[in-house]
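Trainee: I would like to learn how to read a model like this one, beginning with the whole chain and then turning to single residues. Could you take me through it step by step?

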Amino acid sequence: SDLGLGDLVTMTIVDVFETDSDGMLLSYCPTFDNRSVRRTQEAVERIRRGTRQIGDGVRAFAKSPAGRTATAAAGGLGKMALMAGSMVRHRIEEEVARHGA
(Lines give C-alpha, C1' and ligand atoms only; values in the text may rest on other atoms or scores of the structure.)
Protein backbone atom coordinates (compact mmCIF):
# COMPACT_ATOMS: atom_id res chain seq x y z
CA SER A 1 0.00 0.00 0.00
CA ASP A 2 2.01 2.94 -1.32
CA LEU A 3 1.24 6.35 0.03
CA GLY A 4 -0.19 8.94 -2.29
CA LEU A 5 -0.54 12.69 -2.26
CA GLY A 6 -3.36 13.68 0.12
CA ASP A 7 -3.35 10.43 2.13
CA LEU A 8 -3.95 10.77 5.86
CA VAL A 9 -0.98 9.30 7.69
CA THR A 10 -0.02 8.43 11.25
CA MET A 11 3.54 9.05 12.39
CA THR A 12 5.28 8.50 15.69
CA ILE A 13 6.66 11.60 17.42
CA VAL A 14 10.15 11.09 18.87
CA ASP A 15 11.66 13.35 21.54
CA VAL A 16 15.25 14.26 20.62
CA PHE A 17 17.45 15.60 23.43
CA GLU A 18 20.96 16.99 23.04
CA THR A 19 23.13 17.08 26.15
CA ASP A 20 26.70 18.05 26.91
CA SER A 21 29.29 15.70 28.43
CA ASP A 22 27.99 16.52 31.94
CA GLY A 23 24.44 15.57 31.04
CA MET A 24 23.16 19.15 30.95
CA LEU A 25 20.34 19.68 28.46
CA LEU A 26 21.45 21.76 25.49
CA SER A 27 18.42 21.39 23.25
CA TYR A 28 15.15 19.53 22.90
CA CYS A 29 13.27 18.93 19.67
CA PRO A 30 10.20 16.75 19.18
CA THR A 31 10.35 15.36 15.65
CA PHE A 32 8.50 12.88 13.45
CA ASP A 33 9.93 9.39 13.00
CA ASN A 34 9.50 8.90 9.27
CA ARG A 35 10.51 5.23 9.55
CA SER A 36 7.03 4.32 10.80
CA VAL A 37 4.61 6.15 8.50
CA ARG A 38 1.25 4.39 8.29
CA ARG A 39 -1.85 5.27 6.32
CA THR A 40 -4.71 6.32 8.59
CA GLN A 41 -7.99 4.61 7.78
CA GLU A 42 -10.64 7.11 6.69
CA ALA A 43 -13.26 5.56 8.99
CA VAL A 44 -10.98 6.00 12.00
CA GLU A 45 -10.35 9.65 11.11
CA ARG A 46 -14.09 10.27 10.62
CA ILE A 47 -14.77 8.81 14.08
CA ARG A 48 -12.06 11.00 15.63
CA ARG A 49 -13.44 14.13 13.99
CA GLY A 50 -17.02 13.23 14.91
CA THR A 51 -16.05 12.60 18.52
CA ARG A 52 -14.23 15.93 18.66
CA GLN A 53 -17.29 17.73 17.23
CA ILE A 54 -19.61 16.07 19.76
CA GLY A 55 -17.26 17.07 22.58
CA ASP A 56 -17.19 20.66 21.31
CA GLY A 57 -20.99 20.70 21.20
CA VAL A 58 -21.30 19.34 24.73
CA ARG A 59 -18.82 21.92 26.06
CA ALA A 60 -20.70 24.73 24.28
CA PHE A 61 -24.01 23.53 25.74
CA ALA A 62 -22.53 23.25 29.23
CA LYS A 63 -21.43 26.90 29.05
CA SER A 64 -24.83 28.12 27.82
CA PRO A 65 -27.57 29.35 30.18
CA ALA A 66 -29.69 26.29 29.31
CA GLY A 67 -26.75 24.01 30.07
CA ARG A 68 -26.17 25.62 33.45
CA THR A 69 -29.88 25.23 34.27
CA ALA A 70 -29.84 21.57 33.20
CA THR A 71 -26.72 20.90 35.26
CA ALA A 72 -28.27 22.54 38.33
CA ALA A 73 -31.49 20.54 37.86
CA ALA A 74 -29.56 17.27 37.53
CA GLY A 75 -27.59 18.12 40.67
CA GLY A 76 -30.83 18.81 42.53
CA LEU A 77 -32.30 15.48 41.43
CA GLY A 78 -29.15 13.71 42.57
CA LYS A 79 -29.37 15.35 46.00
CA MET A 80 -33.05 14.38 46.33
CA ALA A 81 -32.28 10.77 45.38
CA LEU A 82 -29.46 10.67 47.93
CA MET A 83 -31.76 12.03 50.66
CA ALA A 84 -34.50 9.52 49.77
CA GLY A 85 -31.99 6.65 49.89
CA SER A 86 -30.74 7.82 53.26
CA MET A 87 -34.30 8.01 54.62
CA VAL A 88 -35.08 4.48 53.39
CA ARG A 89 -31.85 3.15 54.94
CA HIS A 90 -32.67 4.86 58.24
CA ARG A 91 -36.20 3.42 58.24
CA ILE A 92 -34.89 -0.11 57.52
CA GLU A 93 -32.35 0.21 60.33
CA GLU A 94 -35.14 1.27 62.72
CA GLU A 95 -37.28 -1.74 61.74
CA VAL A 96 -34.36 -4.13 62.12
CA ALA A 97 -33.57 -2.70 65.58
CA ARG A 98 -37.23 -2.85 66.59
CA HIS A 99 -37.52 -6.55 65.68
CA GLY A 100 -34.17 -7.36 67.30
CA ALA A 101 -32.63 -8.99 64.26
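Mentor: Let us begin with the secondary structure, and keep in mind throughout that this is a predicted model. The chain holds 2 helices and 2 strands, and along the sequence these elements follow the pattern β-β-α-α.

Trainee: Is the chain a compact globule or more spread out than that?

Mentor: For that, one compares the radius of gyration with the value that the globule rule gives for the chain length. Here the radius of gyration is 28 Å, well over the 13 Å given by the rule for 101 residues, so the chain is more spread out than a compact globule. Taken along the principal axes, the box filled by the C-alpha atoms is roughly 75 × 45 × 35 Å.

Trainee: What percentage of the residues in the chain is buried?

Mentor: A residue is called buried when its relative accessible area is under 20%. Of the 101 residues in the chain, 5% are buried. As for the accessible surface, it comes to about 8800 Å², and carbon and sulfur atoms account for 61% of it.

Trainee: How should I read Glu 42 and Glu 45, which are both in helix 1?

Mentor: The accessible area is again the place to start. Glu 42, in the helix that spans residues 42–63, is exposed, with a relative accessible area of 56%, whereas Glu 45 counts as buried at 16% relative accessibility. Setting aside neighbours within four places in sequence, Glu 45 is in contact with Leu 8 and Thr 40.

Trainee: And how far is Glu 42 from Ala 74, in sequence and in space?

Mentor: Glu 42 and Ala 74 are 32 residues apart in sequence, and their C-alpha atoms are 38 Å apart in space.

Methods:
Residues numbered from 1 in each chain as written. Predicted model: local features only at pLDDT ≥ 70, side-chain atom pairs only at ≥ 80, totals over all residues. Heavy atoms only, no water. Helix = DSSP H or I, 4+ residues; strand = E, 2+ residues; numbered from the N terminus. Rg over C-alpha atoms; globule rule 2.2 N^0.38 Å. Buried < 20%, exposed > 50% of the residue type's maximum accessible area, 1.4 Å probe, protein only. Areas by Shrake-Rupley, 256 points an atom, 1.4 Å probe, with all protein chains shown as cover. Contact = heavy atoms within 4.5 Å.
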